[in-house]
Amino acid sequence: MAYFKRDRFSGIAPGVAPNLLAEQFAQIAENIDFESGSIAPIRNPSSSVETVGGSTQSIYYYENSVQNVWLAFDDPLVNVVEGPIPGDTYERLYWTGDGAFPKMSVQTRIYGDGTAPFPENFWRLGVPAPDSTPSVSIANTLDDTVTPDDVSYVYTFVTAYGEEGPPSEPSTVSEFTPSTQTATIQLPAYGGTSTYINFARKRIYRSNTGSTNTTFQLVDDVPYATPSITDNRAGSELQEVLPSETWIGPPDDDTTLYPDGPLLGLTPVANGIFAGFTGKRLCLSEPYLPHAWPISYRITLEEDIVGIGTTANGVVCLTNGKPYFVTGVDPSAMTALQVDLAQACVNRASIVDMGEYILYAGPDGLCAVSGTEGRVVTKGLISPEQWNADFSPTTIKAFRHEGKYIAFYNLGSAPYASTDYRGWVFDPRADEAAISTITSDRQVYGGWNNPKTGELSFIDALSSTSTSRDIKIWEGSVGSGSDKRRPATWKSKKVVFPAPTSISWVYVLADNYPQPISGNPINYDYVLRIKVWADGTLLADYHLSSDNPHDLKINTPASLTSSQVAEPVMRLPAKQAREWEVQVQTHKPVREICLAQTLDELKAT
C-alpha cells in the first residue's frame, strides 16, 4: 500500500533535487499565494486606473486638499517623500532621482493648472548662501561715553515657505555705538544661477557679544528685493540667534563639490530626519528641515553605496561590499556599523523595506538585513548559480505587497521573446519561506506601494514603444468569475517508492470545479486540470469541471469525451513505476491532492 497526500502546500526550492524535496515543496509553483497554505491562485491586476506617458518609469500617488493626482517620472529610480511636518498647509513633497538635482514642491506648483503630466513645477531642494559679502557704512560719530561694539553683519536667503539658507561671509568688523550711529548694510542679490530657487526674503544678523561668547543675532527680515537696510538697534533689541550656520543644501549638480553626483535614494528616518546618499557618503538632514544637510551629518563608508532603506532604529546602507547599519537618534551623532554579511547589493531596484528588515538582491541570493544582522534568506532553496541564471537579480524591479516581496523582470533576449515577462514572489510569512513564480504578458516598468492601503500600483504597457502606459493595481480584480484569477500551477516533488508501485487513483479537492468559459467544452483553460507522471512519462491528463459540485465531469481533451463522477476522484491507467508526480492547474483554490493505490487509502486519509 502506498499513497502521497498534501493538504498544506509551499513553493519551489530549485536548489534541492526533485526527489529530495520536503513533501510540501514543489517543482513548479506558479501564480500562487501560499498565505492560507492551500493552492490559491493570485488575482489578476485591475483595469487601468490612470494613463501616463509612454516613457514613465516611476510613479507616486499625491493625495492633497484639492485633487489627488498621479505623479509620473521618466527616471526609473525616483524616491518621493512627504514633508515631515504634520498638518503642513503647503502639502510639500520632496524627491530625488529625477534629473540633475534634488527637488521639492508644494501643492499649488505640483497641481498647477490641473493639466497632466504632474508634477507641473518644482523648486531646487536647498537654499544657497549669498555669494556676496554685505558691505557696511556707518554714519555719525562714536559715543565717547560708552565702549563701542565691534560688529559684523551676515545675511541669509529665505524661501516663501520659511526655509532659511546658510549665511554669507561676515562683513568687515567695525566699531559701532547704536546710541549715536546708524549702520547701512548693502544686501546684494544672488549672483549665481537662480533658476528653480525660490527667493522670497532676506534676514540680516549682527554679531553681539554676550557674557561668554559672540553670536550673530537677527536684526531684520525684509523682502528679497530690498537692496539695503539701516540699523541702530541696541544689543538688547536684537532677536534670535542665527540658526542656519551649517544649513547647506543636499549634494546637487555641482560636479566640483560632488563628483559622485547628486543626492539619491531620499528616505524618511525617525524624528523628522531625511537620509540620502552619493558615492560613499550617507547624508542626513536636520530634523524636520529637509532643505538643510550639514556637512557634519555626513558619514563616509568604505564602499560606494548602491541604495538605502530604513528600519525602526536606523538606516541600512547596501553597498558594493558589505552592508552597513547606521544608528542613533541625533543626526550629529550617528554611528555606522558594518554588517557581517559578505553580500553586495547588485541592483538598487531590488531593495525593499519590509518593516523590521530590508530585503535586497545579492550575488548569492535574496538577502535580509535587520540591525547589525544579515543573512541570505534563499540559502538552501536556490543555489547561487540558479539565482543568477533564473531569477534575474540584476534586472528585477521589486516591491512589497501584503507582506510579500514581489520581483518583476523581462527576459527579453533569445531564446525568449521580447514580450516574455516574468516575476517571482518570496513570502517570508509562511511556515516555510515560500517562493513562487509569476507569468505575465505585460512588462512592469515601475511601481509604488501605498503605505496607507497596502496596494501595489504598477506601470504596465505592451511594449517599450507604446505611446502611453497604464497604472494598474496588482491583484486588483474584484468580483466573481474564473477570469478574475490567473491560472495557478503546482507540481509536486518526485515521490519515490522503494519498489515499482501501481498508483491507481488521484484525488483533488478544490473550492469548486467551474465550467469552461461560456460553456464551451473545447476551451479547457478555465477548468481544473490534473496531470500525473509515472517514471517521467505523462500517464494522465484530466480536466475536471462541473455544473454543480455533485455532478462532476472528467474531460479528456484528445478525444473530447467526458465521464461523470460523483466525487473528484479519478482512476489512473494501469502502470507500475517508482517515481510519481502530480500537477494541478487551477483558477480556484485547491485544498488537497492525493495519489493512492486503493480507494480504501483515500477514505483513510
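Me: Which residue is the bridge partner of K5 in β48?

Reply: This is a predicted model, where local features need pLDDT of at least 70, side-chain atom pairs count only at pLDDT 80 or more, and totals for chains, interfaces and linings use all residues. Residues are numbered from 1 along each chain as its sequence is written, and side-chain values use heavy atoms, without hydrogens and water. Strands are DSSP runs (E, at least two residues), numbered from the N terminus. In β48, K5 has as its bridge partner C594.

Me: How many bridges join β41 to β48?

Reply: β41 covers residues 505-510 and β48 residues 590-596. The strands run antiparallel. A510 is bridged to V590 of β48, and W505 to A596. Two strands pair if DSSP finds at least two bridges between them; here the number is six.

Me: What is the strand order of the open sheet?

Reply: The sheet has four strands with antiparallel pairing. β1 (3-6) and β46 (569-571) stand at the edges with a single partner strand each, so one side of each lacks a neighbour in the sheet. The order is β1-β48-β41-β46.

Me: Why is β48 largely enclosed by the rest of the structure?

Reply: Buried means under 20% relative accessible area (1.4 Å probe, protein chains only). β48 is largely enclosed because, of its seven residues, the number buried is six.

Definitions and conventions. Buried means under 20% relative accessible area, exposed over 50%, partly exposed in between (1.4 Å probe, protein chains only).
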